[in-house]
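Thanks for coming. I will show one structure and walk through what can be read from it.

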Amino acid sequence: MKISVQSVNFNISNDLVDYIEKKVNNLEKFHDHIIGAEVYLKVQSTSEKENKLVDVKMNLPGVDIVAKKQSKTFEEAASLAIDSVKRQLVKRKEKLRA
């Protein structure tokens, strides 16, 4: 699976890239036909503390699964978004079996 991690308006650390890649690679357990994943990290310029935005897009044959989450840290937002994608993958696989 090809994983693309991109940051908008800031430089991303290697630790954060490794964390995201590890979490996304674990999604292969839930669906067999994942082509790739795109993860976008953004910092919104607001006065709120929860200004870290993570956008996860999973490429499957015929459809894309997308989740966007916002939190105080990129790790927390990525974890929430990947959990949401995991639920969508499980739901999609259940539909295909039925």
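I will start with a definition: a residue is called buried when its relative accessible area is under 20%, exposed when it is over 50%, and partly exposed in between, using a 1.4 Å probe and protein chains only. By that rule N9 is exposed, with a relative accessible area of 75%.

Some notes on the source. This is a predicted model, in which local features need pLDDT of at least 70 and side-chain atom pairs count only at pLDDT 80 or more, while totals for chains, interfaces and linings use all residues. Residues are numbered from 1 along each chain as its sequence is written, and side-chain values use heavy atoms, with hydrogens and water left out.

N9 sits in the loop between β1 and α1. Its phi is positive, about 70 degrees, although N9 is not a glycine. Most residues other than glycine have a negative phi.

F10 lies in that loop as well, between β1 and α1, and is paired with F74 in helix α2, 64 residues apart. The structure holds one aromatic pair. The rings of F10 and F74 have centres 5.0 Å apart and planes at 15 degrees, so the pair is stacked. For the cut-offs: rings of Phe, Tyr and Trp, the last by its six-membered ring, pair if their centres lie within 6.5 Å; planes under 30 degrees apart count as stacked, over 60 as edge-to-face, and the rest as tilted. F74 is buried, at a relative accessible area of 9%.

Next, helix α1. Its twelve residues should span 16 Å at 1.5 Å a residue, and its end C-alpha atoms are 16 Å apart, which agrees. The expected span is 1.5 Å times one less than the number of residues.

Which residues of α1 are buried? They are L16, V17, I20 and V24. Seen down the axis of α1, the buried residues fall within an arc of 100 degrees, so they line one face of the helix. That arc is taken over the directions from the helix axis to the C-beta atoms. An α-helix has 3.6 residues a turn, so residues three or four places apart point the same way. On the other side of α1, N14, D15 and K22 are exposed. The cover over the buried residues of α1 includes β1 (2-8), β2, β3 (52-60) and α2.

Helix α2 has 24 residues and reaches 34 Å from first C-alpha to last, close to the 34 Å expected at 1.5 Å a residue. Its buried residues include A77, A81 and L89. The buried residues of α2 pack against α1, β2, β3 and β4.

For contacts, the rule is heavy atoms within 4.5 Å. A78 is buried, at 2% relative accessibility. Leaving aside neighbours within four places in sequence, A78 is in contact with I20 and V54. S84 is also in helix α2, and is buried at 11%.

Now the core. A nonpolar core is a set of buried Ala, Val, Leu, Ile, Met, Phe, Trp, Tyr and Cys residues joined through side-chain atoms within 4.5 Å. The largest one has 22 residues, and those with the most contacts inside it are V24, V54, V56, M58 and V85. At least two residues of this core come from each of α1, β2, β3, β4 (63-71) and α2. The largest share, seven residues, comes from α2.

Last, the charged pairs. How many salt bridges does a search of the whole structure find? It finds two. A salt bridge here is a side-chain nitrogen of Lys or Arg within 4 Å of a carboxyl oxygen of Asp or Glu. K93 forms one with D32, the closest N and O atoms being 3.6 Å apart. This pair links distant parts of the chain, with K93 in helix α2 (residues 74-97) and D32 in the loop between α1 (14-25) and β2 (36-43), 61 residues apart. K93 counts as buried at 18% relative accessibility, whereas D32 is exposed at 58%.

K57 forms a salt bridge with D64, the closest N and O atoms being 3.7 Å apart. K57 counts as partly exposed at 26%, and D64 counts as partly exposed at 38%.

Notes:
Helices (H or I, at least four residues) and strands (E, at least two) are DSSP runs, numbered from the N terminus.
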